[in-house]
Amino acid sequence: MPFAESAGGGPAPPGPAPSAATRSMAPLLAVCAGYFMVILDVTIINVAVPVVGRELGASLTGIQWITDGYTLVFAGFLMTGGALGDRLGNRRVFRAGTGVFTAASAACAAAPDTSSLVAARLLEGLGAALIVPGSLALLQEAYPEPAARSRAFGLWGSMAGIAASAGPLLGGLLVSTVGWRWVFLINLPVGVVCLVLTSRFVAPSPRHPGRALDWPAQCAVVAAVALLTAALNEAGRRGWTDPAVLTGLALTALAVAAFAVRERLARSPALPPVLLRSRAMSGGAVVGLLFNFGFYGMVFTASLYFQHQRGYSALRTGLALFPAVAMTMFASVLSGRLTRRTGDRPLVVSGMLLGALGLAGWAAAGPDPAYPLLVLPMMAAGFGTSFALTGSTATVMGAAPPAYAGAASALFNTTRQIGSATGVALGGSLLATGTDYGTGLRTAMAVGALAYLCAAALAWRSVPARTAPRGR
């Protein structure tokens, strides 16, 4: 749907009229560019951080904050970003987040010491939390026709798999050629293009200024997600029975309980209970948690396996993981085309079953299988995850009234982020505690396959065969 309005909502200055195809694709390109930057920064830093630590003289604690600080702020403020988008307009918040993220990336690249880099990474995480919830809401607004919206959601989802899996490859290439600062500088042109496309082609979003921001509930969400992410990250290093990990999990439960109590008492809750009681919304969100758990757990453990067990370089590891990446774009395009004929449920269920088959195949391949035997399992996991993402995204967004589109997007992405953190933490713990590296890896793959099977069963019960009309 074409838009050519100024930031204030009035007509844009006269100029050459873009083609219909350009106007149709521009909102999708704008949103996907912003989302790609956000997810890429989760994984690209992993290859660069050893070099960063040496050049800046960072301590181990400093290195941990460079990697984990971004994830903590990103995950913790997603619900706040969604609430701000619903209140102030999703386009306005999305553009603000893109500007913050781009400026923070420049600050990261110019950081003279560890403290400056950590501060800039925290600011990047805040920008990411403002970008992601609005991205789905903007796509829902720009593509109201169900088939077009499903294709847009599919391409949006494929950005996550491509960015997450390509991060180590791109990071290794940049660090080995032009230096670690380019890991952040690469975001600058993407951010500028995203801002231009959003301002030119994405319509101003509806605002709901009457919706009060429930700050106690938002603080409870920030605390819960940050505590959970921190506890899971520490579990990978300390073990699940460490007092610090158990304390973090207990405080997480306390924050969740505080959020639930506040939502029952609030006049304008961040997530109305009626939405959470929706089988489609709550079920779709949990499906997202489970398949992110399986996919990101696979990428993380496979990356460590290739580097530590087989001695691959960072660049070669990225190439080894490429089969999983290559399938995500193909699967998202195919699922976007098929959903009009089949509905969402068959795509989500079949995608999860295929992903389970892929991870189970890796687990059954033996202690040290030849690489060609791992190609098909990786392809199946990548294809299945991306194939299911379109339908689960459409399910969650279709169950939300337009006034709560940002909150629904934030809920879906928060659960997915929790799934990613859990998959990475559990995978790391299994690798560290297994009798040998191969045993830990196969156990992690088997657990991921079980998560996919649970997601398939849940999708069969909660994902409607046909997505409900928008705003229903």
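What follows is a conversation about aromatic rings and the charges over them in a predicted model.

Colleague: What separates Tyr70 and Phe74 along helix 2?

Modeller: Tyr70 and Phe74 are 4 residues apart in helix 2, which spans residues 60-76, and therefore about one helical turn lies between them.

Colleague: How do you know whether Tyr70 and Phe74 are buried or exposed?

Modeller: Tyr70 has a relative accessible area of 0% and Phe74 one of 2%; because buried means under 20%, Tyr70 is called buried, and Phe74 is called buried as well.

Colleague: What makes the pair of Trp180 and Phe184 edge-to-face?

Modeller: The planes of Trp180 and Phe184 are at 90° with 6.3 Å from centre to centre, and since planes over 60 degrees apart count as edge-to-face, the pair takes that name. Trp180 and Phe184 are both buried.

Colleague: How do you know that Arg200 lies over the face of Phe201, and which ring has Arg345 over its face?

Modeller: Arg200 is at 5.5 Å from the ring centre of Phe201, where the distance cut-off is within 6 Å. Arg345 lies over the face of Trp460, at 5.5 Å from the ring centre.

How values were computed
Residues are numbered from 1 along each chain as its sequence is written. This is a predicted model: local features need pLDDT of at least 70, side-chain atom pairs count only at pLDDT 80 or more; totals for chains, interfaces and linings use all residues. Side-chain values use heavy atoms; hydrogens and water are left out. Helices (H or I, at least four residues) and strands (E, at least two) are DSSP runs, numbered from the N terminus. Buried means under 20% relative accessible area, exposed over 50%, partly exposed in between (1.4 Å probe, protein chains only). Rings of Phe, Tyr and Trp (its six-membered ring) pair if their centres lie within 6.5 Å; planes under 30 degrees apart count as stacked, over 60 as edge-to-face and the rest as tilted. A charge sits over a ring if NZ of Lys or CZ of Arg is within 6 Å of the ring centre and within 35 degrees of the ring normal.
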